[in-house]
Each structure stands twice: as C-alpha cells, then as structure tokens.
Amino acid sequence: MTRARFLQIVIVGGATLLVEALCRFGVITRFTMIPPTEMAVSLFALARGAPWFWPDVLYSLRNLAFAALIAILGGFLTGLFVHAFPRLRRTLDPLFASYYSVPTFVLYPLLIVVFGVGPAGTGKTYLAMAQAVTYLLAK
C-alpha cells in the first residue's frame, strides 16, 4: 500500500469517525443526520429484506445508463454544432466557463431529492419539489 493510499484511508476513516461522534454526542441533531453506522445498518436491512429495494435500484440504474447515453450523444452533437458556428461559440463561452467551476458530484444529492429512487418516487417527489419551489418563490 502506498503512502498516499494510506493517508486517504486515514483521512476518510477519521472524517467518518468524527461525524459518527458528532452525531452520537448530539452536536449534529438526529433531525439533521443520523449516525453513519445507523445508516449502514438500515441500508443492509433494506437490501436484505425489502422486496421493493432491488427492483427500484435496478430501475434507477437503467435510467441512469440511458440518461448517460443521451447526455454523451447530445453533448457530442451539441459540441459539434457550437464548434461549427464561431459566433455562437463566443456567445456561449461564458456559460460554458461557469460550469467548469462546479464539480458535478455536488449536484447528485439534489438530483436524488428531486427525482427520487425508483418508479414510485419519481413523480411524487418531483411534484412535491415543484410545489415547494413555487411556494418559496411566491414569498
């Protein structure tokens, strides 16, 4: 094991233990986050015993693969189109530059909240988020 890998394991393990301790001692409330060990136990219990768990996970993974394929093809074709028109490229360049500064993994939790997991969660979760955003914008 390299020194860098060892440091990565120590840092991630230490951060996980810190979060566990903060949750257990009440610094982080249960409303905000449950301890990581409780999350892991619940996840394993769901994976073993809930009949809906694996079909919903597979449904979400299929949708993810299909969305990735559409994004790759759509992005490639859009890139070709934008490259073919220099004026359009110069116009859109500030927009493209703004996306370079946002790591894509930051958006994943938001996507899960908005679209849910599995076929049952998608519509209801999206509708609830849309209503919440509408309410907040009206205030």
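Student: Is arginine 30 buried or exposed?

Tutor: Buried means under 20% relative accessible area, exposed over 50% and partly exposed in between, with a 1.4 Å probe and protein chains only. Arginine 30 has a relative accessible area of 52%, so arginine 30 is exposed. Please note that this is a predicted model, in which local features need pLDDT of at least 70 and side-chain atom pairs pLDDT 80 or more, while totals for chains, interfaces and linings use all residues. Residues are numbered from 1 along each chain as its sequence is written, and side-chain values use heavy atoms, leaving out hydrogens and water.

Student: With which residue does arginine 30 meet in a salt bridge?

Tutor: Side chains of opposite charge can pair when their charged atoms come close. The criterion for a salt bridge is a side-chain nitrogen of Lys or Arg within 4 Å of a carboxyl oxygen of Asp or Glu. Arginine 30 pairs in this way with glutamate 38, at 2.9 Å from N to O. Glutamate 38 is partly exposed, because its relative accessible area is 23%. Through shared partners, salt bridges join Glu20, Arg24, Arg30 and Glu38 into one network.

Student: Which salt bridges does arginine 24 form?

Tutor: Arginine 24 forms one with glutamate 20, where the closest N and O atoms are 2.8 Å apart, and another with glutamate 38, at 3.3 Å. Arginine 24 lies in helix α1 and glutamate 38 in helix α2 (residues 36–49), so this pair ties together parts that are 14 residues apart in sequence. Helices here are DSSP runs of H or I with at least four residues, strands are runs of E with at least two, and both are numbered from the N terminus. Glutamate 20 and arginine 24 both belong to helix α1, four residues apart, or about one turn of the helix. Glutamate 20 is buried, with a relative accessible area of 13%, whereas arginine 24 is partly exposed at 46%.

Student: How are the rings of tryptophan 52 and phenylalanine 53 arranged?

Tutor: A pair of aromatic rings is described by the distance of the centres and the angle of the planes. Rings of Phe, Tyr and Trp (its six-membered ring) pair if their centres lie within 6.5 Å; planes under 30 degrees apart count as stacked, over 60 as edge-to-face and the rest as tilted. The count comes to three aromatic pairs. For tryptophan 52 and phenylalanine 53, the centres are 6.1 Å apart and the planes at 65 degrees, so the pair is edge-to-face. Trp52, Phe53 and Trp54 form one aromatic cluster.
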